[in-house]
Amino acid sequence: MAKIAYYPGNVARAGASEVEDTIQPLCQALNIELVELPRASSDGGNVIKQATPKLQDALVARNLALAESKGLDILTACASSHAIMCNTAEDMVRDPVYASTINNLVVRTSSIEYMGESKSWHLLHYLVEEIGLDKIRDAVKNPIKMNVAAYYGPDMQRQGACGNDDPFMPKYMEQLIEALGGTPVDYDSKCQSVGSTAILSLEDSALRMTAAVLSDAIDSGAELVVSACTVSHANLDSYQSKAGRVAGKYTTVPVCHLTELVAFALGFYPTRFAQLRTRVRLIGS
Amino acid sequence: MAIVAKVWIDEDCITCDACQDICPEVFEVTDDSSMILAAVRTDGTFDRNAGGSPLVGSLGTDLGDVIIEAAEACPVEVIKYELVTEGGDAPAVEAEAPAVEAPVAAVAAVAPAAGASEALNAIFSGDRSLNILFGSQTGNAAGLAEKTAKMAANFGLEPNIIDMDGFDPSSLASMKRVMIITSTWGEGEMPDNAEDAWNAINAKGPALANTQFSVCAIGDTSYDEYCKAGHDWNDKLSSLGAQQIHPIQECDVDFEPAWKVWVAEALPKLACVDSSGGFLEELLEEMVAYGAGDDDGAVEGDFTPGVIERAELNITVEIFRYCPEAAESGWDTLACTVPGHATVQDLLLNMQQNVDGSLAFRRGSGAGTPTTGVRVNGRVALSDATMVSDLTTDGGHVKIEPLPGHPVVRDLIVDTSRYENHRSRAEPWMRTDPREGARLPSGAAMGAMDPALATGLHQAGDVLSFQLIQAMSDTIAHDPHYEGPGVHFQQWLRAMDPRTSEVQRRTLLKSLQEKDGVWSEADHASLMRYGEDGRLAAKGLNDARGALLNQSRYAGKSGRLVKWYGRSVKWSGKVNETTLYRQVLGPLGLVGNIFSGVSARMALAFTRNGAPPIRSLQALLLPPAGVGRIPNMINSKVEHYHEVVSLFNEIDQRF
């Protein structure tokens with residue numbers, strides 16, 4: 001059984017409990033043992049960074065060091081959290097003096113140190129590169145059988161954070177959708193930002209960006225949008241009707257998180273999956 | 001002060017690294033022995049210098065004491081050196097002579113070239129002086145002048161580096177060969193050290209009938225007066241009758257590659273100028289070979305130079321087309337074969353010349369022209385600096401679109417006037433307070449900025465194109481008033497430049513803080529994707545936000561988001577969404593979410609895809625949560641929560 005430390009991100013154990021509900025059983029089904037890091041804190045969400053980059057980096061380095069102390073890499077299902085961990089790890093490699101400053105702070109407060117050995121994985125890359133699509137295909141019990149548009153967002157779509165996938169024309173999620181029995185829908189906006197946490201402070205822009213992504217996916221034939229980012233998931237779903245009104249676009253389409261889609265296909269939560277199918281029939285394009 | 005003429009390493013070096021630690025400019029320790037670096041020796045080879053090749057230039061003077069210190073620190077005493085007294089007397093041998101007799105160091109006399117033609121040897125027999133003038137503010141031009149001088153020796157020239165500060169332009173009349181390397185300062189101004197010389201030559205310029213010259217101009221394409229100082233010198237010398245032997249070379253902020261091209265082409269030409277100032281063009285080919293150290297017959301045996309191969313690519317190209325007259329848009333698709341080294345611009349040129357002459361796109365110089373931005377295979381890139389083979393593989397697909405965030409004029413040409421207007425209003429150019437100049441120990445004027453600071457400043461804004469930075473934003477297409485990251489990044493770079501006047505700095509920061517300012521960018525992640533340029537821009541804009549947060553004391557929605565995000569993490573180690581929604585949106589925002597249907601979608605579990613809605617309803621019902629996506633009012637704390645608090649207290653106690 002593959003063993004990896006688990007970082008739920010900032011909201012999977014709060015507002016986005018659907019991620020927490022689904023990641024645990026899907027990992028069990030695929031023989032992935034998620035090791036809890038009860039001391040892990042928020043990563044600062046690129047918000048604390050605006051005031052003090054060093055503080056955010058120290059919080060992240062501490063989380064990475066907690067995984068490293070167990071000799072494990074770290075897994076998350078949130079693109080934003082994954083990108084933040086990659087950024088901090090890269091910044092520390094790029095500037096050893098800065099790394100030393102951060103590590104001094106982490107050692108002084110938490111008695112651990114990040115040596116750069118543990119790395120962050122997004123669930124998507126872990127499934128495709130480490131578990132393998134064949135194994136996932138074999139484990140499918142309820143094929144998706146829908147036209148699914150993958151939403152990656154910009155956070156992890158850069159060199160060094162997207163595994164071996166192409167940062168600008170990614171294919172991993174489409175390959176995964178195919179393995180789950182769905183039909184991937186290609187569309188231009190799959191890596192465009194939907195504003196992330198700026199939905200609170202810069203609502204109009206974030207709503208227009210959200211509407212642009214959703215309407216592009218719908219125009220390309222999507223019946224369902226699947227998000228690899230937990231924070232963006234909220235914008236794409238909870239704010240979709242408001243986004244449509246603000247931008248004057250048709251945006252009504254069911255949205256689910258990557259963990260939900262995989263868990264549903266592997267046979268978990270069949271009633272939720274049934275509801276999702278019903279919604280696709282009723283309100284999907 | 002001791003002057004070292006030559007230094008060498010005897011056998012039995014124990015490679016302890018002591019010499020390299022003390023004087024890395026001269027010594028490099030390999031696995032076998034300490035070596036004398038090629039760059040410091042007149043013979044230009046890298047070995048123990050058993051032949052006793054003399055040190056180049058003034059190195060023996062500048063580093064004499066350090067070389068001796070290294071020799072004395074050598075535990076096995078294998079570092080030997082030969083000393084020259086300051087008065088220039090005969091060398092006083094401080095150690096036993098090297099095994100091979102050293103060649104006479106005769107920098108002032110140019111030895112005839114072995115195997116060279118009679119004409120070439122004849123030209124070496126006369127005056128070989130080359131005058132390299134530099135106008136420098138931060139030291140870049142001065143550094144290039146020094147490098148140019150080192151290369152000049154390869155062509156049998158005797159370089160003389162001249163700081164323009166205190167330079168008398170009337171002396172130009174007696175110079176046969178002149179190279180000028182100058183930066184441009186502010187809005188087309190001369191660097192501080194060149195101002196007096198410039199004024200003097202304008203007041204009374206000598207006749208320069210026998211002078212051959214070439215100019216290397218350093219500038220910044222983000223300024224309107226790009227490389228103006230260099231052009232001013234070029235035009236002035238021409239107007240005084242001097243012969244421009246090689247065209248002026250413009251160099252952008254990444255000046256080194258362009259300078260290399262210039263110096264490789266201009267030096268051999270100037271080396272073909274005879275003592276009377278005449279250019280012997282017929283010797284140029286031989287001179288180039290001489291400078292490169294070519295020597296027919298030197299290589300023997302079966303030797304085949306390496307060949308770098310890039311296989312041809314068979315690709316499908318899709319190009320966006322737009323005709324403004326018919327207001328029609330669409331895509332042209334064709335299959336083609338391109339050389340492996342072709343750029344996107346090569347591809348477009350080929351299409352324009354062989355398929356459709358009406359295809360419109362902006363053409364660049366081939367070296368990363370800032371205005372050649374397009375979107376290709378999902379990324380924004382400069383078409384003349386992006387290779388097709390970096391975008392796709394054989395049998396692949398290339399999709400070329402106009403740069404996002406700008407209205408399309410025709411095909412791939414976009415209207416950048418919005419960007420230019422924003423930039424014009426933002427005024428991110430230099431306005432300085434009067435300041436004093438600083439001088440190096442040598443007396444060279446180098447401006448007032450600390451070199452480390454100047455380097456840091458240069459690195460912070462070392463991007464190919466601010467227009468491209470502008471197009472990296474995903475927000476700008478959705479907010480017509482947002483000035484954009486390309487403009488704001490320039491403003492921030494200027495604001496943190498210590499030469500900027502206090503009034504200008506305040507104006508810039510005020511502009512960044514205003515509506516449509518730096519807070520209008522919804523997601524810096526969209527910039528971060530674009531390699532080093534995007535990373536630099538995102539970092540700069542994040543730093544700008546940090547400075548503005550300090551200044552504004554976390555005012556406004558963006559400030560409140562940062563403040564309460566930080567506080568909620570400090571309270572428990574986790575983000576508390578309840579706190580965020582309440583503090584950032586406020587009561588009106590929460591009520592707005594109810595009427596806009598956002599709260600309903602949350603509470604009715606649309607985002608749960610059938611999960612029990614009770615968890616969401618709890619948040620609606622239990623005070624003081626307010627309304628919104630708030631299932632957890634009070635977070636449980638992470639284990640060892642005090643460690644998180646300690647980090648906050650150590651780094652930032654404002655939360």
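## Close-up views of chain B

**View 1. Helices H14 and H17 of chain B cross each other.** In chain B, the axes of H14(B) and helix H17 (residues 531-552) come within 9 Å and cross at roughly 65 degrees. This crossing of H14(B) and H17(B) is left-handed. To find the meeting place, look in H14(B) for Pro485(B), His488(B), Phe489(B), Trp492(B) and Leu493(B), which meet Ala537(B), Gly540(B), Leu541(B), Asp543(B) and Ala544(B) in H17(B). Sorted by class, the contact of H14(B) with H17(B) has seven nonpolar, two polar and one charged residues. Please keep in mind, here and in every view below, that this is a predicted model.

**View 2. Helix H14 of chain B also packs with helix H15.** Here H14(B) (residues 485-495) is shown with H15(B) (residues 502-513); their axes are 9 Å apart, and the packing angle is about 150 degrees. The crossing of H14(B) and H15(B) is left-handed. On the H14(B) side, the contact is made by His488(B), Gln491(B), Trp492(B), Arg494(B) and Ala495(B). H15(B) brings Arg505(B), Leu508(B), Leu509(B), Ser511(B) and Leu512(B). By class, five nonpolar, three polar and two charged residues form this contact of H14(B) with H15(B).

**View 3. Strands S6 and S7 of chain B run parallel.** Six bridges join S6(B) (residues 129-135) to S7(B). One place to look is Ile132(B), which stands opposite Ile161(B) in S7(B). From S6(B) the chain crosses through helix H5 (residues 140-152) of chain B to S7(B), and this β-α-β crossover is right-handed.

**View 4. Strand S7 of chain B has a covered face and an uncovered one.** Which residues of S7(B) (residues 158-163) lie on the covered face? They are Pro159(B), Ile161(B) and Asp163(B), while Glu158(B), Asn160(B) and Ile162(B) are on the uncovered face. In a regular strand, side chains alternate between the two faces of the sheet.

**View 5. Chain B touches chain A.** The contact takes 59 residues from chain B and 65 residues from chain A. Several helices of chain B, including H17, H18 (556-572) and H19 (577-596), each supply at least two residues of the side that touches chain A. That side of chain B divides into 22 nonpolar, 20 polar and 17 charged residues.

**View 6. Chain B as a whole has 22 helices and 18 strands.** Of the 655 residues in chain B, 44% are buried.

Technical notes:
Residues are numbered from 1 along each chain as its sequence is written. Chains are lettered from A and ligands numbered from 1 in the order in which they are written. This is a predicted model: local features need pLDDT of at least 70, side-chain atom pairs count only at pLDDT 80 or more; totals for chains, interfaces and linings use all residues. Axes are lines fitted to C-alpha atoms, for helices over the stretch in contact, and angles run from 0 to 180 degrees between N-to-C directions. Helices (H or I, at least four residues) and strands (E, at least two) are DSSP runs, numbered from the N terminus. A crossing is left-handed if the near helix is turned anticlockwise from the far one by less than a right angle, and right-handed if clockwise. Two residues are in contact if their C-beta atoms, placed from the backbone, lie within 7 Å. Ala, Val, Leu, Ile, Met, Phe, Trp, Tyr, Cys and Pro count as nonpolar, Asp, Glu, Lys and Arg as charged, and the others, Gly among them, as polar. A residue is buried if 20 or more other C-beta atoms lie within 10 Å of its own, exposed if 12 or fewer, and partly exposed in between; C-beta atoms are placed from the backbone. Two strands pair if DSSP finds at least two bridges between them. A crossover is right-handed if, with the strands pointing away from the viewer, the path from the first strand over the helix to the second runs clockwise.
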